[in-house]
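Open the model in your viewer and keep the selection tool at hand.

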Amino acid sequence: MKEINGDLSYKTLLKNQEKKLAFNDTVDYNTWKNQVKDKFYELIGIDSVIANACPLNPVIEEEIECDGYKRIRFVFESEVGSFVPCYLLVPNGDKKRPVVITLQGHTTGAHVSLGINKFEGDENYKDLDFAVQAVKNGFSALVIEQRAMGERATKVHDACHLRMCAFQAFTAFELGRTVLAERMWDVSKAIDALDTFKDVVDTDKICITGESGGGTMSFYAGLYDDRIKFAVPGYAFCSYETSIMAMYHCACNIIPGALRYFEMEDLACLMAPKPVAFVTGDRDSLFPLKGVEKSFATVEKIYKKAGAEGKCRLIHTDQPHHWDKIYGWKTIKEEAEKLGWEV
Amino acid sequence: MIEINGDLCHQTLTKNLKHTLAFNKDCDYATWKAQVKDKFFELVGINSIKENACPIVVSVEEEVECDGYKRIRFTFDSEVGATVPCYLLVPSGEVKKRPVAITLQGHATGFHNSIGVAKYPGDEAYITRGDFAVQAVKQGFVALAIEQRAMGERKTKVHDPDPIRMCAFLSMMALELGRTIIGERMWDVSKAIDALSYFDKYCDLDKILITGNSGGGTMSFYATCLDERIKLSVPSCAFCSYETSIMNVYHCPCNFIPGILKYFEMEDLSCLIAPRPLAIVTGGKDYLFPLDGVQKSYETVKAVYGKEGVKDNCRLVTTEMGHWWCKDIIWDTVKEEIDKLGWKL
């Protein structure tokens, strides 16, 4: 009897499919970059999100004095019906600090960034209090609850936090958009909303970081909004072929049709010439090192073509799929220093 | 504090989104139908699948004499790398061409249930009503059971999925590649009909119907949209507006067609089945495909069939059950429909 392998068809396609907009050394760089930009925005459905935009009307809901910083909760509406809970952590003192946008991945929510335990098991998250870490390293921190996560998880069914994004990821597809575009948009609108706090934080100096699903969005939001001056995506950057197409990842990673046109590394042209430092776990089974290194080799070529050689880095950590706070913050501070930011 | 409702944005969009190719009674019907067809095939990625097509080579793997019928297992490749296991159940007795009933499982453990074979815990109880192909052959049809993409024998081995979500991984792979599982499953049914010519001494290829429950009902609907050789479609517990079903209740990823709501709703696609008869079976208490949504969608189906000039060729049959294959009601419905078509069993 013939062996039935339900995975064979997509694996064959994956191997053979020509990517029409893949980078090559002979491209006319600007023409190619514009084609990638147009196609990427089309595939993620950003127009559908833009068409539904509305006034942000940020509302400050809470201000709490913590150990060495003030924590402000505010909420704004990024598009009709989409309320975004945020926290801004402002270190004590008169100095306006650069802002690190910190994003959680598939944890129980943005409260983890604040070092707050809300649900059973939160106490087991290690080193994921990104915003508190940012403050300790001399930055202000902006925490955004990502679409379909934490407080914004669906209530249509009882989703476990590892798959909490699935329902909204799929309803987004049906509507001709993606959760990925929605999250990019939310970050960009959160930067608009920061205007409310321009007297206490330095809104000209913004960078972004996060781990896993937060690292993914550090990459995509970083390439979307030029007010983000550098990006440090953690444990997320890798060719689709060796990560999301090779093992079961979340639905919120998927961009319908992407592989007909490009791989993740090709999108680095939308980030260049802005500095980007990918932090990767050498033992990360979800984003395997081999795939990361191959993809990064293309990023280096793209940055060279963009005249920004040396502005992209790959930082190895001896970790599995887990944020290394020492190397993470060392990298962020090095990038900030290169730009002359004082922290 | 502002109430945070993560579902509100998509709910509002779903309610307000204008479907640019929705049916309206004043449309130029033929033009509209052609537009719906092109857009639907584009959205499900049928062209991407066609590009990967390959010759159909039927390989018969097993013939087993059963009680009142012969069961033939065969496989073929519907596209490169996609091997489709099938069973053909042929009534015993005179060898002659008979009408064909294609039967499709939904999110059961696999198509072995259709042939009345229990392989996994729970199958035993399910096959008392879920042995669709055995039911069909006992009615006098030649029954074709197809293992659907990402189900049963064809489920992914990349991870160990539970039966309810076994389709998720391969659905996402299909999307990233610019196609959909719905497109792939439509294609597989169509290629299985091609493969039936290998068995033409048993099969009357001018008399083909399709039925199935839940995910099998969904594909009974869509496969009929693609392949005009299917002359009767009887989807059970599957037809409903997207708005009230998959956008409103947590359904499987294999139901989704990126961008479709910008253009139309499920009921608008009935123009691709008309004028062929469509008998929709629905559970009056089916919370996955709620009755009010089904009834509202069916009103549009009636209007579409009216515009096609065949208003009596569509039916809505409501059972008193939930999300449940009601075999007596379904086979009674099938028999009534084939009588109208003049098919003899």
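Select chain B and colour its contacts by sequence separation: among those with a separation of 6 or more, 69% come from residues 24 or more positions apart. This is a predicted model, and everything on the tour is computed from it. With the selection kept on chain B, a cartoon shows 10 helices and nine strands. The C-alpha trace of chain B spans about 70 × 50 × 40 Å along its principal axes. How does the radius of gyration of chain B fit a compact globule? For 345 residues such a globule would come near 20 Å, and chain B has 19 Å, which agrees. Of those 345 residues, 55% count as buried.

Next, stay in chain B and select residues 181–195, helix α7, together with residues 215–226, helix α8. Their axes come within 9 Å and cross at roughly 65°. Angles of 65 to 115 degrees count as roughly perpendicular, and α7(B) and α8(B) are therefore roughly perpendicular to each other. The crossing of these two helices, α7(B) and α8(B), is right-handed. Show side chains where they meet: α7(B) brings I182(B), R185(B), M186(B), V189(B) and S190(B), while α8(B) brings M219(B), Y222(B), A223(B) and L226(B). By class, the residues of this contact between α7(B) and α8(B) are seven nonpolar, one polar and one charged.

Now switch to chain A. Its cartoon has nine helices and nine strands. The C-alpha atoms of chain A fill a box of roughly 65 × 50 × 40 Å along the principal axes. A compact globule of 343 residues would have a radius of gyration near 20 Å, and the 19 Å of chain A agrees with that. Buried residues make up 55% of the 343 in chain A. Of the contacts in chain A between residues at least 6 apart in sequence, 70% join residues at least 24 apart.

In chain A, select residues 179–193, helix α6, and residues 213–224, helix α7. Are these helices oblique or roughly perpendicular to each other? Their axes come within 9 Å and cross at roughly 60°; α6(A) and α7(A) are therefore oblique to each other. The crossing of α6(A) and α7(A) is right-handed. From α6(A), pick L180(A), R183(A), M184(A), V187(A) and S188(A); they meet M217(A), Y220(A), A221(A) and Y224(A) in α7(A). The residues of this contact of α6(A) with α7(A) comprise seven nonpolar, one polar and one charged.

Move on to K118(A), in the loop between β4 (97–103) and α4 (130–136) of chain A. Is K118(A) buried or exposed? K118(A) has 12 other C-beta atoms within 10 Å and is therefore exposed. Leaving aside residues up to four places away in sequence, K118(A) touches T108(A) and H111(A). A C-alpha to C-alpha distance drawn from K118(A) to T108(A) reads 8.4 Å, for a separation of 10 residues in sequence.

Finally, show both chains and select the contact between them, which takes 50 residues from chain A and 52 residues from chain B. On the chain A side, α1 (8–16), β1 (59–66), β2 (69–79), β3 (82–91) and α5 (166–174) each supply at least two residues. Which element gives the most to this side of chain A? Select α5(A): it gives the most, with seven residues. Coloured by class, the side of chain A that touches chain B shows 28 nonpolar, 13 polar and nine charged residues.

Technical notes. Residues are numbered from 1 along each chain as its sequence is written. Chains are lettered from A and ligands numbered from 1 in the order in which they are written. This is a predicted model: local features need pLDDT of at least 70, side-chain atom pairs count only at pLDDT 80 or more; totals for chains, interfaces and linings use all residues. Two residues are in contact if their C-beta atoms, placed from the backbone, lie within 7 Å. Helices (H or I, at least four residues) and strands (E, at least two) are DSSP runs, numbered from the N terminus. Ala, Val, Leu, Ile, Met, Phe, Trp, Tyr, Cys and Pro count as nonpolar, Asp, Glu, Lys and Arg as charged, and the others, Gly among them, as polar. The radius of gyration is taken over C-alpha atoms; the globule rule is 2.2 Å times the number of residues to the power 0.38. A residue is buried if 20 or more other C-beta atoms lie within 10 Å of its own, exposed if 12 or fewer, and partly exposed in between; C-beta atoms are placed from the backbone. Axes are lines fitted to C-alpha atoms, for helices over the stretch in contact, and angles run from 0 to 180 degrees between N-to-C directions. Angles under 35 degrees count as roughly parallel, over 145 as roughly antiparallel, 65 to 115 as roughly perpendicular and the rest as oblique. A crossing is left-handed if the near helix is turned anticlockwise from the far one by less than a right angle, and right-handed if clockwise.
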